[in-house]
Amino acid sequence: MMEELAHHILDVARNSLEAGATRVEITVEEDPASDVMRFSVIDNGSGMPPHVLRQLTNPFFTTKTGKKVGLGLPFLQAAVERCGGNLEIKSEVGRGTTVVATFPYYCWDRPPLGDIPRTIVSLLVGNGHLDLRYRHIYNGHSYELDTREIRSRLKGISLDTPEVLIWLRQYLTESLSILSGGGGYEIARRAG
Ligand SMILES: Nc1ncnc2c1ncn2[C@@H]1O[C@H](COP(=O)(O)OP(=O)(O)OP(=O)(O)O)[C@@H](O)[C@H]1O
Ligand SMILES: [Mg+2]
């Protein structure tokens with residue numbers, strides 16, 4: 001399977017859920033003109049003490065019991081390094097964690113963005129109560145989706161039902177396509 005930024009985002013946000021986050025904010029910023037492709041994941045989970053934070057990009061470190069390696073963040077770190085990009089992780093116990101990965105937009109080795117709607121829907125499966133905000137900035141134009149807003153319009157129907165999730169995936173796909181001028185996002189990359 002081809003590596004995608006959307007998979008990395010899913011991994012990072014799954015860490016947030018495992019850390020007990022009730023709110024997760026994901027932002028993707030595509031700015032070809034400035035040669036920047038960035039994503040960030042901000043959560044209000046348990047956070048990490050400094051000794052855990054220091055070990056994060058060590059593949060032999062995990063706090064999961066019954067598991068010997070944690071590969072999510074080391075894998076992301078490697079992808080970032082292949083492009084000379086930057087991975088920043090900030091965390092505070094009891095407050096939450098922020099992960100920011102920045103790639104040069106026009107790095108040949110950069111994973112393509114991939115299927116963001118699929119990532120968002122995957123996070124919501126089994127997590128109908130999660131407050132998830134997704135923001136996408138493309139060439140300075142931004143689009144935002146917030147599950148709190150969607151939930152209030154669903155009038156009691158759970159977000160975590162197949163019908164709602166199928167609709168959400170379709171809706172997000174269309175919205176992101178409109179944001180990038182109808183050509184599908186990342187069109188500038190393919191052209192360039
Ligand atoms: N958002 C977060 N909040 C709190 N702790 C985190 C967060 N992200 C990572 N961690 C801590 O860092 C460790 C390493 O994370 P990483 O994603 O690299 O591996 P993992 O989640 O343990 O395993 P894998 O991703 O391979 O399933 C986690 O076990 C967890 O203790
Ligand atoms: Mg992980």
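Where is the place of proline 32 in this chain? In this predicted model, proline 32 sits in the loop that runs between β1 (23-31) and β2 (36-43). Its relative accessibility is 9%, and because buried means under 20%, proline 32 counts as buried.

**The chain as a whole**

The chain contains seven helices and six strands, and when these are read along the sequence they follow the pattern α-β-β-α-α-β-β-α-β-β-α-α-α. The radius of gyration is 17 Å, close to the 16 Å that the globule rule gives for 192 residues, and the chain is therefore as compact as a globular protein of that length. Along its principal axes, the C-alpha trace spans about 45 × 45 × 30 Å.

Of the 192 residues, 45% count as buried, while the accessible surface of the chain comes to about 10100 Å², with 53% of it belonging to carbon and sulfur atoms. Among the contacts with a separation of 6 or more, 63% are accounted for by residues 24 or more positions apart.

**The disulfide**

How many disulfides does a search of the whole structure find? The search finds one, and this disulfide joins cysteine 83 to cysteine 107, with a distance of 2.1 Å from S to S. Cysteine 83 lies in the loop between α3 (72-82) and β3 (86-92), whereas cysteine 107 lies in the loop between β4 (96-104) and α4 (116-124), so the pair ties together parts that are 24 residues apart in sequence. A disulfide is a covalent bond between the sulfur atoms of two cysteines. The link of cysteine 83 and cysteine 107 is left-handed, with -85 degrees about the S-S bond, and both cysteine 83 and cysteine 107 are buried.

**Salt bridges**

A search of the whole structure finds 10 salt bridges, and the table below gives some examples from among them.

| Salt bridge partners | N to O distance |
|---|---|
| Glutamate 25 and arginine 23 | 3.2 Å |
| Glutamate 29 and arginine 38 | 3.3 Å |
| Lysine 90 and glutamate 88 | 4.0 Å |

For the pair of glutamate 29 and arginine 38, the surroundings can be described on both sides. Glutamate 29 has a relative accessibility of 24% and counts as partly exposed, and arginine 38, at 27%, counts as partly exposed as well.

The side chains of lysine 90 and glutamate 88 meet in a salt bridge, and in this pair glutamate 88 counts as partly exposed, with a relative accessibility of 37%. Elsewhere, salt bridges that share partners join Arg23, Glu25, Arg133, Asp146 and Arg148 into one network.

Conventions. Residues numbered from 1 in each chain as written. Chains lettered and ligands numbered in written order. Predicted model: local features only at pLDDT ≥ 70, side-chain atom pairs only at ≥ 80, totals over all residues. Heavy atoms only, no water. Buried < 20%, exposed > 50% of the residue type's maximum accessible area, 1.4 Å probe, protein only. Disulfide = S-S within 2.5 Å. Helix = DSSP H or I, 4+ residues; strand = E, 2+ residues; numbered from the N terminus. Rg over C-alpha atoms; globule rule 2.2 N^0.38 Å. Contact = heavy atoms within 4.5 Å. Areas by Shrake-Rupley, 256 points an atom, 1.4 Å probe, with all protein chains shown as cover.
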